[in-house]
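These are my notebook entries on one structure, kept in the order in which I looked things up.

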Amino acid sequence: METLSNLALGFSVALNPFTLMLAVIGAFMGTIIGALPGLGPSNGVAILIPLAFTMGLDATSALVLLTSVYYGAMYGGRISSILLNIPGDEPAMMTTLDGYPMARQGKAGDALVISGVASFVGAMFATAGLIILAPMLARVAYLFGPAEYFALYLLAFTTLGGVGSKNQAKAVIAACIGLGMAMIGLDNSTGMPRFTYGHMHLMDGVDFLVAIVGLFAITEVFFFIESHGKGSAIGVKLAKVTVPIKDLIKTSGSMLRGSVIGFIAGILPGAGASLGSFLAYMAEKSVAGSSGKFGQGDPRGVAAPEAGNNAAAGGALIPMLTLGVPGSGTTAVLLALLMTLNIQPGPTLFAEHPDVVWGLIASLIIANFVLLFMNIPMVKIFVKVLMVPAWVLLPGVTMISFVGIYSLSGSYFDLVLMVGFGALGYFLRKLDIPTVPVILGILLGNQMEDNLRRAMVVANGDWTYLFSSGISIGLWTAAILGFVAPMFLRRFLKRPPQPLDAEAD
Amino acid sequence: MKTTLLKALGVSALLGLTATTAMATECIAPADAGGGWDFTCRQIGKLLYDLKLVDSPVQVTNMSGAGGGLAFANVVNERNTDPDLIVAASSATTTRLAQNAYGGATADQVRWVGTIGGDPGVIVVAKDSPYMTLSDLVEAIKADPSKITFAGGSAAGGFDHLKPLQIMKAAGFNDAKAIKYIGLNGGAEAITQTIGGFTQAMTGDISEITGFIRSGDVRALAILSPERVAGFEDIPTAREQGFDVVVVNWRGLYVPKGISDDAFNAWATKLQAVADSAEWQAVMEANGLAPFTLVGADFQGWIDGVVAETTTLSREIGVIQ
C-alpha cells in the first residue's frame, strides 16, 4: 500500500504536460542516439546534461529527460543491429546474431516489432522490480565478492563456444584475441602499465566502443569497397511490415526469461547490460535445444537479448540509487547528474529524497510507454532506412562513427585504432572467425582478471577460496556444465537432418 | 530517413561543439562524466557563471585517458597559451605526477591556481567488525598482515592505497608490501566489498561514503583531516588517536603554463570568489567536503611539497624505482 502511495507521489511530481513533452523528446533523441553506431546511452545522456542545465530544468524534469534518453537509447541500439548488422551500442551486440539474419530473410519489420516489445517487457519488468524490491535487492551486491564475480565471468566465457560461428574453435580463437587485448593498459593489481610501449593513449587499455565500431562498421565499409557495393551486408530485402502476433506469443517465454536474467545481471554492479544480454541469449539457446535456429534468424534470439539488455538497464539503477555504485557508463553519468543537483545517492536516498526517487520511477514508466507507442508505429519509418541506397547510407554511417569515436576522448589515436580494428575485422570475417567473442573478451576480460587477482590477494593465494561460497559453487557448476554438456550431448543426439541446424545442438 | 540523418547530423554537430568549442571558458574534466574531476568542473563552472565571474556558461569537456595524463599532455602540448582554459585536478593528479605516470610530464609544466575544498581520507570497517578503533586495526595488522585486506577505489599504488600505508608507517610498521590492498572501480564498489565482508577495511574519501555512514552500515575508525569535520563530529581524527597522518584529497584547478601573469591572477581571484560564496559552502556541506582553500602562490608552494613527499613514499613502497 505504501508503495502505491509513493508511486502516486511520483506521478504527481512527474506527470504534467511539460514533463510529458520532455519524455517524448528524450525518447526520440535517445532512440536515434542509440541507433547510431558509436553513440551509446552514456554519450547521449552526457550530451544532454549541459542542455538540461541551460534549459534551467529542476531535478525531476532533468531526470525525466535524461532517463527517457537512457531508455530510448536502449531501445534504439537494436535498430542498427537488425538493419545494418552494426550494433548501435554494446548491449545490442547480441541482437545482430539473429536480428540481421531475420532482416536478410525479409523479416526486418518482424524483428523490429518483436525486439521493441521485448525491450518494453524487459524494461517494465525491471522497473517493477525497482519499485517492489529495490532496498532489498541492494543487498544482493553484498553477496558478490571477487570469487563470485570471477565465477560469473567464467560462466560467460565457457558458454561462448557456439556464438555466431559454425566452428567452436574459431569462437575460442576470437575470444583469445579479445582477452589478449584486454591485457593492454594499467594493471589494477600492481599499478603498472602492460603492453603500452610507453604510449600514453594505451594506458587505459582498448575502449570497447572503439573496438565495436571498428569491427562492425568499418569492416562493413571495407567489404563494401572490395565488392563495389555488391557483396556488402547493407541493403537487405524489405517486405511488408505487420505486427507478427504469432511470433510475439511464441517468444513471450523468451522475453520473460531474458528479463529475469538481464535484471539480475543489472543489479550486480560488476556485470551490466552487455553481460545480461549475452547470458539471456545463451540461456535461450540452450532452452531451445535442437529446435532452435539460433544464428539464422530465430525470433527468440532477438527477443531474449533485447529483453535482457533493457531489464539490465533498469536493474542497474538499483545499485546506482541505493549504493551509489554505477553499474554501467550510463548510470555513472546519471549519478553525476544527481550529484550535480546536490542529491547524494546511497542507502539513505529513499528516505531522504522520496520525491526524487519516486519521480524518477514514475518517469521511467512514462518513458517506457512513450517508447513502446513510438517504436511500434515508427517501425515503418526506421525500416525505410533500407530504401536509402548503400552508397549514401554507408558514408553517413562512417562519418557518424568517426565523430562518435572522436567525441569519446577527443583523440586522433582512437580513430587510428578504430580503423585498425576495421582491418582486423575484415580479415577475421574472411577467415569466418566471429567478431562478437573478440568484443566480449575485451569487455569482460579485464574484469575477470581483476577479480581473480583480488580473490588471490584476499585469500593469500589460496585457490580453494574460489569455491568457498554457495553462489560461487553454483556458478562454477553452471560454467562447467555449459562447457561440457554440448560435447556430450553431441554424441547422444543424432545430427539433425538439415545441415542448417548443425550447430544448434 | 532524411529526418533521421539530419537529426543524426545535429547530434554529431552538438557532440563536436561540446568537444571543441573554445570561445567560452572551457573546463576540462580529465575523466569520464561522473567522477570527482567532473564534479569539480561542473560545480565550479556553474558557480563561476552564477556569480557572474564569467560571461557565458562554462563548457565542461570530459577528456578521459591515462588517469588524467591525456588531458595533462594535451594542455601542455597544444593549449599552452589558452587563457580561457581551466582544468580540474585533485590529489590523484599530483600522486600520478609524482609517480611519473603521465609519461614523463612534471608538475612544473602547468600553473596551479588553487584548491577550494578538501575531501578528507577515511578508514572504515563494516558495522559488525571487531575493530572498534584505529589502534585495534593497526595492532591486528602488526600481528598478522595476511588477515586484513583494504579495499579502495584506486589502482594499487594510487591515492587510496597510500593512506593505510602512511598510517602503518606512522605506527612504526615499515613492511609496506605486506599490507594487503585491492583496487576497485571507485569508492562505492570498495565499500560494497567491505560491507559484504570480503575485505576487512575500506580506505577512501569521506564524500564517497557519507550515505553509508549515516545509514549505519559502516563504522568510520578515523578521519584523516587535521581537525574533526563538521557534520561528522563523532568520527575521531587519526591524529588524536596517536597517528600523525593527514591525507586530504583536495579539489582544485590548474591552468596552462604559458598564460600571462595577469590572466593567472585573474583566475586566482575568481577561484577565491567562488570559495568565499555561500553557494559553494552549501555545495561543500552537501557533499561532505571540508573547507580547504589555498589559492595562487601559496598553492604552488604547497603542491611542490606534496609532490616531493609522495615521490619519497612511492619509492619506499616500490611503486617507483
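**Entry 1: one residue of chain A**

I began with A:Phe427 and located it in helix α19 of chain A, residues 412-430. Helices here are DSSP runs of H or I with at least four residues, strands are runs of E with at least two, and both are numbered from the N terminus. I then asked: does A:Phe427 count as buried or exposed? A:Phe427 counts as exposed, because it has 11 C-beta neighbours inside 10 Å. The cut-offs I used are 20 or more other C-beta atoms within 10 Å for buried, 12 or fewer for exposed, and partly exposed in between, with C-beta atoms placed from the backbone. I also looked up A:Phe427 against A:Leu83: they are 344 residues apart along the chain, and 23 Å separate their C-alpha atoms.

I note that the model is predicted, that local features need pLDDT of at least 70 and side-chain atom pairs pLDDT 80 or more, and that totals for chains, interfaces and linings use all residues. Residues are numbered from 1 along each chain as its sequence is written, while chains are lettered from A and ligands numbered from 1 in the order in which they are written.

**Entry 2: chain A as a whole**

I recorded 21 helices and two strands for chain A. Its length is 505 residues, of which 59% count as buried.

**Entry 3: two helix pairs in chain A**

I looked up helix α11 (residues 252-267) and helix α12 (residues 273-288) of chain A, which pack at an angle of about 145° with their axes 8 Å apart. Axes are lines fitted to C-alpha atoms, for helices over the stretch in contact, and angles run from 0 to 180 degrees between N-to-C directions. The contact includes A:Arg257, A:Ile261 and A:Ala265 from α11(A), and A:Leu279, A:Ala283 and A:Val287 from α12(A). I noted its make-up as eight nonpolar, six polar and two charged residues. In this scheme Ala, Val, Leu, Ile, Met, Phe, Trp, Tyr, Cys and Pro are nonpolar, Asp, Glu, Lys and Arg are charged, and the others, Gly among them, are polar.

I then turned to helix α5 (residues 93-104) and helix α13 (residues 300-315) of chain A, whose packing angle is about 145° and whose axes are 8 Å apart. Among the residues making this contact are A:Met94, A:Leu97 and A:Met102 of α5(A), together with A:Val302 and A:Pro305 of α13(A). I counted five nonpolar, three polar and two charged residues in the contact of α5(A) with α13(A).

**Entry 4: chain B and its domains**

I recorded 11 helices and 10 strands for chain B. The radius of gyration of chain B is 21 Å, close to the 20 Å that the globule rule gives for 321 residues, so chain B is as compact as a globular protein of that length. The radius is taken over C-alpha atoms, and the rule is 2.2 Å times the number of residues to the power 0.38. The C-alpha trace of chain B spans about 65 × 50 × 40 Å along its principal axes. Of its residues, 56% count as buried.

Which domains does the assignment give for chain B? I found domain 1 (2-119 + 248-317) and domain 2 (120-241), with bounds from an automatic or database domain assignment. Their centres, taken over C-alpha atoms, are 27 Å apart. In chain B, 17 residues of domain 1 are in contact with 17 residues of domain 2. On the side of domain 1 that touches domain 2, α11(B) gives the most, with four residues.

**Entry 5: two loop residues of chain B**

I placed B:Pro30 in the loop between β1 (26-29) and α2 (36-50) of chain B. B:Pro30 is buried, with 28 other C-beta atoms within 10 Å. Beyond its neighbours within four places in sequence, B:Pro30 is in contact with residues including B:Trp37, B:Met63, B:Phe72 and B:Ala88.

I found B:Gly67 in the loop between β2 (59-62) and α3 (69-78) of chain B. B:Gly67 is buried, with 23 other C-beta atoms within 10 Å. Leaving aside neighbours within four places in sequence, I list its contacts as A:Met203, B:Ala92, B:Arg96 and B:Ala101.

Key:
Two residues are in contact if their C-beta atoms, placed from the backbone, lie within 7 Å.
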